[in-house]
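Trainee: I am new to this structure. Can we go through its charges, step by step?

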Amino acid sequence: MAGAFKGCQKIRGPQIRSLMEAKDFFLFDCDGVIWHGEQAVPGAAKVVSALISRGKNVVFVTNNSTRPRENYVHKFSRLGFTDVMLEQIFSSSYCSALYLRDVAKVRGQVFVIGCDGLRRELQEAGIPCVGEEDDPAATIYNCALAPDVKAVLVGHDDKLTFLKLAKASCFLRDPECLFLATDNDPWHPLSGGRILPGSGSLIAALEVASGRKATVIGKPSRFMFECISSQFRGVDPAKCLMVGDRLETDMLFGFNCGLDTMLTLTGVSQVEEAEEYRNSELTTNHSFVPDYVVDSIADFLPAFEELDEQSN
């Protein structure tokens with residue numbers, strides 16, 4: 001069961017069928033599991049539709065904070081996922097807004113390092129954000145610093161400037177100012193062997209400058225699962241399966257939340273890395289090890305066919 005050390009069990013049709021029958025909630029990462037950019041992983045739409053049609057609860061947990069949930073609904077539809085609803089999507093930007101509103105109950109402005117999608121989620125939750133209007137010639141020596149900033153929230157920002165970093169550092173000198181991060185993903189793969197620095201790289205810079213540690217909202221933090229539990233009835237960790245492609249975020253997230261975990265090999269992490277963690281003498285590395293491994297979530301499809309044959 002979840003939390004027990006099993007490690008890297010490669011499973012096929014009958015075993016997947018048994019697992020599907022035992023679980024009520026399926027949590028899927030998006031990038032590298034459901035799609036690659038604007039291409040759906042082959043068979044993924046059929047798997048999601050089949051799970052939903054069988055009465056399973058399907059939710060999507062993503063650390064991508066660059067777009068609001070409405071944009072995710074449009075993307076799912078565009079890629080052939082016709083039955084995904086807004087309430088099934090839990091992004092790090094949405095969960096950050098919930099944290100600020102419902103947990104921190106922030107009373108004041110939030111200084112955001114992030115994309116427009118993150119700001120939109122905060123605005124929809126009724127959380128005021130500091131405006132971004134700065135004179136192009138402004139520097140940290142002469143720029144205005146917004147009053148009443150009660151939190152700094154860092155997400156992916158492809159327009160990061162030194163001035164943004166400096167302002168955030170100034171706000172964080174106030175020990176009462178919260179320091180939050182949507183996620184701490186270090187990088188993301190691009191085509192041609194290139195990589196895109198992730199939110200974790202921006203957080204690291206600000207942690208050094210401020211001498212403080214950020215509270216991470218997204219995976220592998222438990223808070224994203226707490227958001228799901230608060231919005232769906234009867235969420236039992238023992239009845240959940242976390243499906244992802246990254247050991248250090250998705251598998252660790254499942255471990256932290258007491259969920260069984262499944263690694264798909266269509267994304268960042270490969271089985272050799274999981275086996276290295278499994279064989280490590282450091283027991284802390286075992287939390288990165290998936291319970292199950294599949295080549296792709298399309299491996300679920302033969303299990304559905306077996307179930308259909310049994311019901312006929």
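Predicted model: local features only at pLDDT ≥ 70, side-chain atom pairs only at ≥ 80, totals over all residues.

Trainee: How many salt bridges does the structure hold?

Mentor: The structure holds 14 salt bridges.

Trainee: What makes Asp-295 and Lys-10 a salt bridge?

Mentor: Their closest N and O atoms are 3.1 Å apart. The cut-off is within 4 Å, for a side-chain nitrogen of Lys or Arg and a carboxyl oxygen of Asp or Glu. So the pair of Asp-295 and Lys-10 counts as a salt bridge.

Trainee: Where do Asp-295 and Lys-10 lie in the chain?

Mentor: Asp-295 is in the loop between strand S15 and helix H11, and Lys-10 is in strand S1. The two residues are 285 residues apart, so this pair links distant parts of the chain.

Trainee: Why is Asp-295 called partly exposed?

Mentor: Its relative accessible area is 32%. Buried means under 20% and exposed means over 50%, with partly exposed in between. Asp-295 therefore counts as partly exposed. Lys-10, with 37%, is partly exposed as well.

Trainee: What makes Arg-12 and Asp-299 a salt bridge?

Mentor: Their closest N and O atoms are 3.9 Å apart. The cut-off is within 4 Å, so this pair counts too.

Trainee: Why is the pair of Arg-12 and Asp-299 said to tie parts together?

Mentor: Arg-12 lies in the loop between S1 and helix H1, and Asp-299 in the loop between S15 and H11. Those parts are 287 residues apart in sequence, so the pair ties them together.

Trainee: What about Lys-150 and Asp-148?

Mentor: They form a salt bridge, with the closest N and O atoms 3.8 Å apart. Lys-150, at 32%, is partly exposed. So is Asp-148, at 45%.

Trainee: Which residues gather in the patch of negative charge?

Mentor: Glu-248, Glu-272, Glu-273, Glu-275 and Glu-276 gather there, on the surface. Helix H10 gives the largest share, 4 residues.

Trainee: How do you know that Glu-276 is exposed?

Mentor: Glu-276 has a relative accessible area of 60%. Exposed means over 50%, so Glu-276 is exposed. Its place is in helix H10.

Definitions and conventions:
Residues numbered from 1 in each chain as written. Heavy atoms only, no water. Patch = residues over 30% accessible without salt bridge, like charges linked within 9 Å, V, L, I, M, F, W, Y side chains within 5 Å. Areas by Shrake-Rupley, 256 points an atom, 1.4 Å probe, with all protein chains shown as cover. Lys, Arg positive; Asp, Glu negative; His and termini not counted. Charge placed at Lys NZ, Arg CZ, Asp CG, Glu CD. Buried < 20%, exposed > 50% of the residue type's maximum accessible area, 1.4 Å probe, protein only.
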